[in-house]
Amino acid sequence: MAICAQSYGVFCLLTIQTVLIICVSTPTAGTHLFPQHYTMIHWAGRIEKELEKVLQHVTGTQQMRSIYNEKKSQFEIKRNNPKDLVERVARDISKLLNSKRKALEQRPEISWVAQNQLRLYNILYAVSQSQ
């Protein structure tokens, strides 16, 4: 709720600034009826910057950056070794299949479909280990 109120306030401020820019630079009678091209580009740039600030504030981008910078020393970036990742996943799959096999052995009344599914998993696992 507080974020909505803050974002609404920032949006109102942005709107007021835009209206003031337009009112202050409105030409008097007898001169240009529409702002010059470079003036519109300048306004568009300022509005874009303000909108970016509002979006960053509402989405918490600045907060996330500050949290990251504060806690950066607690994290370590390492390169992944694809072979290690594959081996780890294969071990996890093996553990899962072993637990499923034990469950099936303990309950022989499990359907024929489930037993065939386990056989398929075992075949797939064997093929993945051979590669």
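Helices (H or I, at least four residues) and strands (E, at least two) are runs assigned by DSSP and numbered from the N terminus. Just after α2, Gly60 takes a positive phi of about 80°. The model is predicted, and local features need pLDDT of at least 70, side-chain atom pairs count only at pLDDT 80 or more, while totals for chains, interfaces and linings use all residues. Residues are numbered from 1 along each chain as its sequence is written, and side-chain values use heavy atoms, with hydrogens and water left out.

**The chain as a whole**

- The chain contains five helices and zero strands, and from the N terminus on its elements run α-α-α-α-α.
- Of the 131 residues in the chain, 11% are buried; buried means under 20% relative accessible area, exposed over 50%, and partly exposed in between (1.4 Å probe, protein chains only).
- The chain exposes about 11500 Å², of which carbon and sulfur atoms supply 63%; such areas come from the Shrake-Rupley method with a 1.4 Å probe, and for residues only the protein chains shown count as cover.
- Among contacts (heavy atoms within 4.5 Å) with a separation of 6 or more, 44% are between residues 24 or more positions apart.

**Helix α2**

- The 23 residues of α2 (residues 37-59) should span 33 Å at 1.5 Å a residue, and the end C-alpha atoms are 33 Å apart, which agrees; the expected span is 1.5 Å times one less than the number of residues.
- Thr39, Trp43, Val54 and Gln56 are buried in α2.

**Helix α4**

- Ala90, Ser94, Leu97 and Leu104 are buried in α4.
- Asn98 also has its place in α4, and Asn98 counts as partly exposed because its relative accessibility is 32%.
- Asn98 and Leu118 are 20 residues apart in sequence and 9.8 Å apart in space, C-alpha to C-alpha.

**The largest pocket**

- The largest pocket has a volume of about 320 Å³.
- Of the 15 residues that line the largest pocket, Val86, Ala90, Tyr125, Ser128 and Gln129 are the closest to its centre.
- The elements that give two or more residues to this lining are α4 (82-106) and α5 (112-130), and α4 gives the largest share, nine residues.
- A pocket is an open set of points on a 1 Å grid over the protein atoms alone, where a 1.4 Å probe fits, with protein on both sides within 12 Å along at least five of seven lines; lining residues have an atom within 4 Å of a point.
- Grid points are joined across faces, edges and corners, and the volume is the space filled by probe spheres set on the points.
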